[in-house]
Amino acid sequence: MMFLHKESFIGQLFYNAFRFMISVGFVTLFQVLFGIENTLLGVAIGVGFTMLPMCHLDIKPMTMFWIIVLLYGGSSFVAQISMINPWLAFICDFLFLSFIILLTTEPIEYQTNITFLLCFVFSQSTLVSWNQFPMRAISGIIGGLFVGGCVLLNWYRHGYGGEIGFKQQILRCQVNRSYLLRMAFGVSIAMLIGTLFHISKPLWISIVVMSLTQLEFKETLTRIKHRFVGTLVGIVLFFIFFQYLIPQQYAILVVMFLGYMGFFLPEYKYKQVINAVSALNASLVILDTKTAIENRMICLIAGILIVLCIYMITKLIRNLHLKSLAYMKQKTDDFFDRLEIKKYDLNPPR
């Protein structure tokens, strides 16, 4: 009897097609249930739906359940504060982003914080009116309960999970203080800029900062290079194909095909090409082609500058901190040396 293995090419075709249909089906159903204004929220929660139940983490299953519900549900509430006051929102954004990092950074190899960061960034970048907010809040809470339920079901089924509770999880995640501060402060600044300057696509700047902020600066530099080149290539392909070769009525089919191809090209540099093409095509609903391309490049450059500036600031603060510690140690040693000398002078040898 013949079996299709995921490792074979045919197996990959069918397996990735299945994953793609699940993702599209989840987002479509989410949009039908909660409205088109919550589509991006559904995309972020859909990432968690396809990822979190399969992660063999060492966190207690019920702890993970409540983390999911708190972060998905809380994203819509905290994000809506931007409708009240941008400066108050900046403080709340920073605190909530720090909370996300403190609860989801470890184990680092699973990158479970991505879905929660996406959920918050998408919620803040696509604010709804106060009349629509109850449905936004309900969608986040129900999405969290659903994904959390899937995690409980699949973890208990496969024996996943461990003994790490809330307190232990926070203690081991807080070790990455530099990453926490850079991510929370950088994304909060990007969101504040998007609000104050009324950027038509604020998501494009905050998602850049979120994506480029990494634990190691070397990885950040690599991502900057790949994102910049990938965006340029995506702009060129978008302009050639969608402006000259492909009629607009078929654009959505091409974008869906590119999304499917993304499962075969998991590397960051290739995904940036696909993301650029898809984002530019989606932006044509509110922007013309020239404005969309200009905004994409401006937001990309602004996001890169924010990431680099924050890294330089944190490096400067770290160096000043080390120098101040060294200076205090030297002064303390000098003080005790002088005490010893004075004591010796007062008690001369006999």
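Is leucine 325 buried, exposed or partly exposed?

## Leucine 325 and helix H13

Leucine 325 is partly exposed, its relative accessible area being 48%. The model you are looking at is a predicted one, and in this model leucine 325 sits in helix H13, which covers residues 289-346.

A pair of C-alpha atoms gives a handy distance to check in your viewer. Leucine 305 and leucine 325 are 20 residues apart along the chain, and their C-alpha atoms are separated by 30 Å.

## Glutamine 272 in helix H12

Next, let's turn to a glutamine. Glutamine 272 belongs to helix H12, residues 268-283. Its relative accessibility is 3%, and because buried means under 20%, glutamine 272 counts as buried.

What does the side chain of glutamine 272 join in a polar contact? The partner is the side chain of arginine 227, at 2.8 Å. If neighbours within four places in sequence are set aside, the contacts of glutamine 272 are His226, Arg227 and Gly230.

## A covered helix: H9

Helix H9 runs over residues 203-212 and is mostly covered, with 10 of its 10 residues buried. Among them are Leu203, Trp204, Ile205, Val208 and Met210. Two serines, Ser206 and Ser211, are also on the list of buried residues of H9.

## How H3 and H6 cross

Two packed helices can be described by the angle between their axes together with the distance between those axes. Here is that description for one pair. Helix H3 (residues 61-79) and helix H6 (residues 133-158) have axes that come within 8 Å and cross at roughly 165 degrees.

Angles over 145 degrees count as roughly antiparallel, so H3 and H6 are roughly antiparallel to each other. Their crossing is right-handed.

How many disulfides does the model have? The count comes to 0. A disulfide needs two cysteine sulfur atoms within 2.5 Å, and two cysteines illustrate how that test turns out. For cysteine 55, the closest cysteine sulfur is in cysteine 150, 13 Å away, which is too far for a bond. For cysteine 299, the closest one is in cysteine 309, and that separation of 16 Å is also too far for a bond.

Are cysteine 55 and cysteine 299 buried or exposed? Cysteine 55 is buried, with a relative accessible area of 6%. Cysteine 299 counts as buried as well, at 4% relative accessibility.

Terms used. Residues are numbered from 1 along each chain as its sequence is written. This is a predicted model: local features need pLDDT of at least 70, side-chain atom pairs count only at pLDDT 80 or more; totals for chains, interfaces and linings use all residues. Side-chain values use heavy atoms; hydrogens and water are left out. Helices (H or I, at least four residues) and strands (E, at least two) are DSSP runs, numbered from the N terminus. Buried means under 20% relative accessible area, exposed over 50%, partly exposed in between (1.4 Å probe, protein chains only). A polar contact is a pair of N or O atoms within 3.5 Å; within protein, one must be able to donate a hydrogen and the other to accept it, and residues adjacent in sequence count only if both atoms are side-chain atoms. Contact means heavy atoms within 4.5 Å. Axes are lines fitted to C-alpha atoms, for helices over the stretch in contact, and angles run from 0 to 180 degrees between N-to-C directions. Angles under 35 degrees count as roughly parallel, over 145 as roughly antiparallel, 65 to 115 as roughly perpendicular and the rest as oblique. A crossing is left-handed if the near helix is turned anticlockwise from the far one by less than a right angle, and right-handed if clockwise.
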